[in-house]
Amino acid sequence: MNIYISGISGTGMGPLALMAQSAGMTVFGSDLAAGAITNELVNHDVKLCLGVQDGEFLKVRAKTEGVDWFVYTSALPEDHPELVMAKKLKLKISKRDEFLNFLIKKLKLKLVAVAGTHGKTTTSAMIVWAAQQLGFPLSYMIGTTLPFAPAGFYDPKSKYFVYEADEYDRNFLAFKPWLAVIPTVSYDHPDIYPTVEDYQEAFRQFEDQSKEVLHGDEIAVGLNLAGEARRYDATLAIDTLEKMLPKPKGVAKLLSKQHKELVKVMNEFPGVGRRFEQVSEGYYSDYAHHPEEVAATIEIALEEADKRGLKGVVVVYEPHQNSRQAELIDNYADVFQGVAKLYWVPTYLTREKAGLKILRPEEFIARLSNKKIAEAAKLDDELAEKLKEWHAKGYLVMLMSAGPADVWMRKLVYAGNQESAATQFVHAPRNAGE
């Protein structure tokens, strides 16, 4: 079966391409530019075209190899040349969810869907990591790069499929999981969910259409990962695996060898791309852009700095989406407690509501309870020099951004390192979903 994926390089579609290919399908696709999963696609010999998406690459593939299914990202407008070409060629056309449901049914997998406002990426990755360490076969798709595995994979020995189910664009409502795993739910995506009730109702519907639902419990004894949020996610990952793994007999759960082994391997979790990722010694990058997520990440950073004997934490924060921040601006007051210095840069603008005033860094800073630590800044050489000075003094430097600031940080850290600079594109942000 030949699958063409438009928008193939991003963290939503790239893992789908990798999973489909590992399931024995032929996959090719296109994107406007290289994205987070491009390197993995190239390394796995997926044919792709980067640059102008005028429909010609699709037309040639359809003529020479045949295309059975055209799958496209939510970012494509209805008049996009490739979508127009797919219709002209009379191909089967759908977004990701329909094709993914087809794969789940075809491969006879039980769906374990990890959904939530925060923690779904890390929890999903922790499940995959621990399963690998225990030799437990698992298929999965995760919306980020992993240092220990491809972002998407099908294991023919697996009975279960772990999927990071995104609530953006109501994508997760297309699925009926065997097990729904939900770390946290707090209001987000006002461009999709106009009210808090609308957002909560979507999650209630998701739970209702799931066979079983798993929420977080008390943090497992013995976990020593930095940050309560990370320990919470690890506990939820352990609970999820204990639903899938063969159950030990005759021994209480907390005393079982299996449970102890899960705690052990979870403490060795190496992290994932853009989730408190150590870019270089003392420099970290994180995807946090919601106040609750920011607060949880700062707690992780403060614990990590203390463990390493560093003097403190310095933060660069680039909010994502002005329409989101307009809804959440009053929730930042105590988010940056414990931070030695905060540099607040202009918001990364995507999918914005027309006519809405663009909030300035100074307006956010004015609402902070510890505003003296903060200053407005720009992603320029002046800020780069300040961060280098903080780093030289023994501080942990952390960027929090869902936008292009991540690329800026990596260029700063890898200045003069040609090999690293050459691969910076793999962390470029995408506008379609999160």
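Contact here means heavy atoms within 4.5 Å of each other. These legends describe a predicted model, in which local features need pLDDT of at least 70 and side-chain atom pairs count only at pLDDT 80 or more, while totals for chains, interfaces and linings use all residues. Residues are numbered from 1 along each chain as its sequence is written, and side-chain values use heavy atoms, with hydrogens and water left out.

**View 1. Phe161 and its contacts.** Leaving aside neighbours within four places in sequence, Phe161 touches Met19, Leu100, Ile104, Leu109, Lys110, Leu111, Val112, Ser139, Tyr140 and Met141.

**View 2. The largest nonpolar core.** A nonpolar core is a set of buried Ala, Val, Leu, Ile, Met, Phe, Trp, Tyr and Cys residues joined through side-chain atoms within 4.5 Å; buried means under 20% relative accessible area with a 1.4 Å probe, protein chains only. The largest such core holds 45 residues, and Ile5, Met19, Phe99, Leu100, Leu103, Phe161 and Phe172 have the most contacts inside it. Elements giving two or more residues to this core include helix H1 (14–22), helix H5 (96–106), strand E6 (110–114) and strand E9 (160–164). Helices (H or I, at least four residues) and strands (E, at least two) are DSSP runs, numbered from the N terminus. H1 gives the most to this core, with 5 residues. A second, separate core of 38 residues includes Trp178, Ala220, Leu236 and Val263.

View 3. Take a look at E9: 5 of its 5 residues are buried, so the strand is largely enclosed by the rest of the structure. Tyr160, Val162 and Glu164 point one way from E9, Phe161 and Tyr163 the other. Two strands pair if DSSP finds at least two bridges between them. E6 pairs with E9 in the parallel sense over 5 bridges, and Val114 stands opposite Glu164. Strand E7 (residues 139–141) also pairs with E9 in the parallel sense, over 3 bridges; here Met141 has Tyr163 as its bridge partner.

**View 4. The open sheet.** Six strands follow the order E8-E7-E9-E6-E10-E11, with mixed pairing. Strand E8 (152–153) and strand E11 (213–215) stand at the edges with a single partner strand each, so one side of each has no neighbour in the sheet. E10 and E11 pair in the parallel sense over 3 bridges, with Val181 opposite Leu214.

Conventions:
Buried < 20%, exposed > 50% of the residue type's maximum accessible area, 1.4 Å probe, protein only.
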